[in-house]
Amino acid sequence: MLTPVFEPEFSAHSYGYRPGRSAHDAVRAAQAYLRAGYPWTVDVDISAFFDEIDHDLLMRQVSAKVKDKRVLRLIGDYLRAPVHFEGRVEKRTRGTPQGGPLSPLLANIYLDALDKELERRRVKFCRYADDVVILVRSERSGQRVLASLMRWLAKHWKRRVNATKSGVNRPGNGKFLGFPIDAEGHTKPAATSLDRFKAKVRDFWNARRAQPLPERMAAWQRYVRGWWNYFRVSDDHQEVRRMEGWIRRHMRKFFWQRWHNPRGRANALKRLGAKGRQQLLASSAVGAWRLARSPTLHTVLNNARLRRWGLYVPSDLAAT
């Protein structure tokens, strides 16, 4: 009910949590600015944004358009709802409930003041939730914009930016929503995004973690599809392609460990079609990670079989 009230007034440069808009749209907009001759990026990270939203300031913004006191009281109760922290119940005095259905809209209402300020200054920018990137023609201009924006945040929101995550980046060194964008506007998954993906791979295919196999496989499919659907818009997939052999090696290691002992491994190898000397692998004392590269496991657990089982890697999903 509240979205139609506020949505028409939101900035065209705001992309997060809005109907018909996505992170991909925000990245494409940033690419377009780069290609139009704005190669320097000003990255602005507001420290602990969602946890520190000022309730009084937010409610003033809401009440500018919502006059029904019952609705305002309901939103106020929602914001102040107690939180459970380390066994204690604490009253909330700042911030919005994480994961709450109203929080994304309230965040956009709060951040609209920042959008309007940047529009007033006529700078090129894109915002997705609290992730803001400003695009400028020179380093000097970027430093000037960042310094003045820090003053604005301190004056109007009593907030500061995260110094380690904010700054002016040279052409090609900028990053937005998990995508580094080079001077020509080309994108690829960020190194930190790939590292998080690798950590997930290790966790999914850790045989010591108890989880029924069908449940594990279904969870992997959901995760890899979601990850790929987000990063498939990249212009450069080389790093992702290079990881795929490593991902399958973790899968083969998982199955080897799951077969438990020489007898179980011998039965599994036979069931998968291992012939003659290939079956001798069952009694090998070599570690699971090394064996995951063996020709025998590459034959009985080949890429086509893993794919048939639904154990996809990103290139399996590229054509779908």
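**Figure 1. Lining of the largest cavity in the predicted model.** By class, six nonpolar, two polar and one charged residues make up the lining of the largest cavity in this predicted model. The residues concerned are Ala30, Leu34, Thr41, Val133, Leu135, Gly174, Lys175, Phe176 and Ile181. At least two lining residues come from each of α2 (23-35), β5 and β7, and β7 gives the most, with three residues. The space in the largest cavity amounts to about 50 Å³, and the structure holds one cavity of 30 Å³ or more.

**Figure 2. The largest pocket and its surroundings.** The largest pocket contains about 470 Å³ of space. Its lining is formed by 17 residues, of which Asp131, Lys175, Phe176, Leu177 and Gly178 are the closest to the centre of the pocket. Strands β1 (40-45), β5 (131-136) and β7 (174-176), together with helix α7 (191-204), each provide at least two residues of this lining. By class, the lining of the largest pocket comprises seven nonpolar, three polar and seven charged residues.

Figure 3. Helix α9 covers residues 238-258, and its 21 residues should span 30 Å at 1.5 Å a residue; the end C-alpha atoms lie 31 Å apart, which agrees. At glutamate 244, α9 bends by about 30°. Just after α9, histidine 260 adopts a positive phi of about 70°.

Figure 4. Histidine 237 belongs to the loop between α8 (213-231) and α9. Its relative accessibility is 18%, so histidine 237 counts as buried, the cut-off being under 20%. Apart from neighbours within four places in sequence, histidine 237 makes contact with Trp228, Phe231 and Arg232.

Figure 5. Asparagine 108 is located in helix α5 (residues 103-120). This residue counts as buried because its relative accessibility is 2%, again judged against the cut-off of under 20%. When residues up to four places away in sequence are not counted, asparagine 108 touches Phe10, Ser14, Gly16, Tyr17, Arg18 and Arg127.

Technical notes: Residues numbered from 1 in each chain as written. Predicted model: local features only at pLDDT ≥ 70, side-chain atom pairs only at ≥ 80, totals over all residues. Heavy atoms only, no water. 1 Å grid on protein atoms, 1.4 Å probe; cavity = no way out; pocket = protein on both sides within 12 Å on 5 of 7 lines; lining within 4 Å. Points joined across faces, edges and corners; volume = space filled by probe spheres on them. Helix = DSSP H or I, 4+ residues; strand = E, 2+ residues; numbered from the N terminus. Nonpolar A, V, L, I, M, F, W, Y, C, P; charged D, E, K, R; others polar. Expected span 1.5 Å × (residues − 1). Bend = angle between axes of the 7 residues up to and from the residue. Buried < 20%, exposed > 50% of the residue type's maximum accessible area, 1.4 Å probe, protein only. Contact = heavy atoms within 4.5 Å.
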